[in-house]
Amino acid sequence: MRSRNAGKICDRLWYLGREESGIYLLEGDRCSLIISGGLSYLAPVVLSQLNAFGIDEKKIGKLLILHAHFDHVGLVPLFKRRNPEIDVYASARAWEILNMPKGIETINAFSRLVADRMGLTGCLTGQDLEWRNDITGRVVSEGAEIDLGGISVQILETPGHSSCSISAYVREINALFPSDGGGIPYAEMIIPSGNSNFTQHQESLEKLKPLKVDIFCADHYGYVTGREAEGYICRSIAAARENRTQIEALYRRTGSIDETVTELVEEVYRQQPDYLLSPEICAGICRQTVRHIAGALEESA
């Protein structure tokens with residue numbers, strides 16, 4: 001079953017934000033952890049939800065970045081500046097990107113573009129939400145665990161959606177947090193998202209397949225529970241295989257990366273008219289994907 005409503009998912013776990021972009025709050029005995037950073041325009045919504053749900057913001061001592069794309073780190077500056085003592089975790093590669101002037105510039109520019117597209121630019125006014133070089137944190141890698149007291153988070157390296165992607169797994173509640181690397185639950189579909197390296201994306205899905213999953217926690221369009229959650233990764237694997245086959249066929253027909261990207265972007269907005277990303281951002285994502293798949297085809301020829 002799919003849900004996009006903010007609120008309590010189960011004991012210790014909350015979903016916060018909006019349907020197109022959300023974050024998770026995991027409550028431990030010692031402190032709470034925010035998983036993922038969402039879009040920056042969520043700030044007033046999330047702060048209001050914390051208050052409405054009676055969640056003690058002072059208990060939030062940790063924040064985990066699953067990858068460094070702008071729509072997954074937008075609230076990190078908010079929480080870090082409201083509580084400078086909060087521990088922020090990310091992969092080594094994510095910290096490299098988040099310390100690059102070009103990376104910071106892209107995060108801030110794309111955050112404004114999407115806020116404008118969604119008609120929510122006003123949510124950024126008066127908020128100190130831009131990334132600067134004042135945010136630092138800790139590196140986590142494969143096998144690391146973040147102990148919250150009574151519950152802990154296991155880190156798995158799952159590149160492919162981005163070079164810096166990691167997933168989180170909470171064994172106590174069988175909850176998986178793969179960010180976009182697990183497939184996006186849009187409407188009744190699963191959208192594969194092997195942006196940077198589609199082959200690695202497929203390999204990472206296979207890595208996640210053995211996990212017992214009762215709660216599949218996506219960053220876009222909510223979370224999945226019950227029987228659908230149990231089979232979600234298998235369905236993501238199938239969706240990724242089908243998507244790759246379609247892109248390969250399209251590239252063979254056009255013989256052009258540019259033409260393939262144009263047709264893919266048109267298809268995205270045909271199937272997803274309310275897609276939150278602007279066409280220029282979508283085209284950049286599709287170009288990465290097509291370049292990788294085209295390169296793999298040429299290597300195997």
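Let's start with disulfides. A disulfide is a covalent bond between the sulfur atoms of two cysteines. Here the term stands for a pair of cysteine sulfur atoms within 2.5 Å, and a search of the whole structure turns up 0 of them.

Before we go on, a word on what you're looking at. This is a predicted model, in which local features need pLDDT of at least 70 and side-chain atom pairs count only at pLDDT 80 or more, while totals for chains, interfaces and linings use all residues. Residues are numbered from 1 along each chain as its sequence is written, and side-chain values use heavy atoms, with hydrogens and water left out.

Buried means under 20% relative accessible area, exposed means over 50%, and partly exposed is in between (1.4 Å probe, protein chains only). Cys164 has a relative accessible area of 2%, so it is buried. Cys10, at 21%, counts as partly exposed.

Now for the inside. In soluble globular proteins, nonpolar side chains tend to be buried together. A nonpolar core is a set of buried Ala, Val, Leu, Ile, Met, Phe, Trp, Tyr and Cys residues joined through side-chain atoms within 4.5 Å. The largest one in this model has 79 residues, and Tyr41, Ile65, Phe79, Trp131 and Phe216 touch the most other members. Helix H7 gives the most to this core, with 8 residues. (Helices are DSSP runs of H or I with at least four residues, strands are runs of E with at least two, and both are numbered from the N terminus.) Apart from this core lies another, of 26 residues, including Leu13, Ile155, Ala175 and Cys217.

Find Trp131 and look around. Contact means heavy atoms within 4.5 Å. Not counting residues up to four places away in sequence, Trp131 touches Ile65, Val73, Val76, Pro77, Arg81, Leu98, Ile104, Ile107 and Asn108. Is Ile107 buried or exposed? At 4% relative accessibility, Ile107 counts as buried. Leaving aside neighbours within four places in sequence, Ile107 is in contact with Ala68, Phe70, Val73, Leu98 and Trp131. Ile107 and His72 are 35 residues apart in sequence and 9.6 Å apart in space, C-alpha to C-alpha. Pro101 also lies in helix H4, but Pro101 is exposed, with a relative accessible area of 68%.

Next, empty space. Rolling a probe the size of a water molecule over the atoms shows where empty space is left. On a 1 Å grid over the protein atoms alone, a cavity is a set of points where a 1.4 Å probe fits but cannot get out, whereas a pocket is an open set with protein on both sides within 12 Å along at least five of seven lines; lining residues have an atom within 4 Å of a point. Grid points are joined across faces, edges and corners, and a volume is the space filled by probe spheres set on the points. The largest pocket here has a volume of about 1,400 Å³. It is lined by 50 residues, and Ser193, Asn195, Ile285, Cys286 and Thr289 are the closest to its centre. The elements giving two or more residues to the lining are helix H3 (92-98), helix H4 (101-117), helix H7 (232-254), helix H8 (257-271) and helix H9 (279-300). Which gives the most? H9 does, with 7 residues. By class, the lining has 25 nonpolar, 18 polar and 7 charged residues. Here Ala, Val, Leu, Ile, Met, Phe, Trp, Tyr, Cys and Pro count as nonpolar, Asp, Glu, Lys and Arg as charged, and the others, Gly among them, as polar.

Finally, a look at the backbone. Most residues other than glycine have a negative phi, and most peptide bonds are trans. Ser179 has a positive phi, near 55 degrees, and is found in the loop between strand S12 (175-177) and helix H5 (198-208). Ala187 is found in the loop between S12 and H5 too, with a positive phi near 50 degrees. Ser179 is buried at 2% relative accessible area, whereas Ala187 is partly exposed at 36%.
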